[in-house]
Amino acid sequence: MRFVRQLLAVMVVAMIGSQVVAAVEDSPWLQLALGLLTAVSAVLVYGWVVRKTEHRPSTEVARKGAEAAIGRGLLIGVAMFGAVITSICFNAHYEINGLGSVQGAVGLAGFMAAAAVTEELLFRGVLFRIIEEHTGTWIALVLTGVLFGASHLLNPDASLWGAVAIAIEAGGMLAAAYAATRNLWVPIGLHFGWNFAAAGIFSSEVSGNGTPQGLLDTVTSGPAWVTGGDFGPEGSVYSVVFGALITLAFLWLAHRRGTLVPRRRRTGRVTATPTLPR
């Protein structure tokens with residue numbers, strides 16, 4: 001029952017927020033404001049519904065240390081996408097023709113903030129966390145990774161390979177980030193950093209969605225296995241490789257910290273949300 005209540009609470013905010021943010025796409029500063037409002041509202045609603053249904057503090061979205069954790073995730077996300085673009089430059093064609101649209105980048109920041117926060121609350125905060133309690137970290141990581149990848153099949157230029165790539169490079173990586181840190185701020189920062197770097201800075205397609213021009217005016221061409229084709233760089237083999245490497249790094253950190261949850265035995269209950277240093 002708590003699973004349903006938590007999922008519905010966040011989904012309502014996500015659905016309303018996405019509609020409102022999309023409706024003002026021609027007003028970048030308003031889109032930024034409404035995107036941030038959606039993100040904050042989603043976190044507050046998630047924290048409230050977790051406290052009500054689980055009778056515990058919502059430590060995974062605790063205010064203390066949030067800025068630093070988001071910052072760490074943001075740096076990882078931007079650096080990872082930068083590494084992907086660099087790899088595409090050496091193995092295909094990626095050309096920067098000059099400055100694109102600053103206003104476009106501003107609007108995309110709001111759009112991506114709302115998307116990153118609501119998706120992390122749904123997939124890592126609710127789905128991964130609760131499934132992990134019953135199945136352990138490894139099974140939960142695989143199941144939610146597959147679900148996260150499959151959810152991108154609804155995008156306009158989606159492909160089966162794109163969904164598989166997302167499941168590996170993002171679904172696994174973001175769940176592993178939560179498993180290692182036991183807070184949602186790091187995966188939120190990582191998710192936002194990756195998406196904003198893709199669309200807001202490098203003006204590339206994001207998960208098969210047509211996006212407005214970001215900060216740079218760019219042209220990409222070359223083999224789809226390198227560039228990701230119509231799906232965007234997330235469909236590049238380099239994204240999969242770098243995402244898998246970061247996933248392994250987070251899982252190693254989780255193992256070292258002792259935060260991996262074993263498969264639940266019938267004789268006991270595993271609590272998957274300990275308060276640990278970040």
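1. Basis. The model is predicted, with local features requiring pLDDT of at least 70 and side-chain atom pairs counted only at pLDDT 80 or more, while totals for chains, interfaces and linings use all residues. Residues are numbered from 1 along each chain as its sequence is written, and side-chain values use heavy atoms, with hydrogens and water left out.

2. Confidence. Mean pLDDT (the predictor's confidence in each residue, from 0 to 100) is 91 for the protein, and 94% of residues reach 70 or more.

3. Helices α3 and α7. The axes of α3 (residues 66–91) and α7 come within 6 Å and cross at roughly 35 degrees; axes are lines fitted to C-alpha atoms, for helices over the stretch in contact, and angles run from 0 to 180 degrees between N-to-C directions. This crossing of α3 and α7 is right-handed (the near helix is turned clockwise from the far one by less than a right angle; anticlockwise is left-handed). Contributors from α3 include G73, G77 and F81, and those from α7 include G189, F192 and G193. By class, the contact of α3 with α7 has 16 nonpolar, four polar and no charged residues (nonpolar: Ala, Val, Leu, Ile, Met, Phe, Trp, Tyr, Cys and Pro; charged: Asp, Glu, Lys and Arg; polar: the others, Gly among them).

4. Helices α4 and α7. Helix α4 (residues 102–135) crosses α7 at roughly 145 degrees, their axes coming within 8 Å, and the crossing is right-handed. Among the residues in contact are E119, E120 and R124 of α4 and H191, F192 and F196 of α7. The contact of α4 with α7 has 12 nonpolar, three polar and three charged residues.

5. The structure holds six aromatic pairs (ring centres of Phe, Tyr or the six-membered ring of Trp within 6.5 Å). The rings of F192 and F196 have centres 5.6 Å apart and planes at 10 degrees, so this pair is stacked (planes under 30 degrees apart; over 60 is edge-to-face, the rest tilted). Both residues lie in α7 (residues 185–201), four residues apart, about one turn of the helix.

6. Helices α6 and α9. Helix α6 (residues 160–181) packs on α9 (residues 237–257) at about 25 degrees, with axes 8 Å apart. The crossing is left-handed.

Conventions: Helices (H or I, at least four residues) and strands (E, at least two) are DSSP runs, numbered from the N terminus. Contact means heavy atoms within 4.5 Å.
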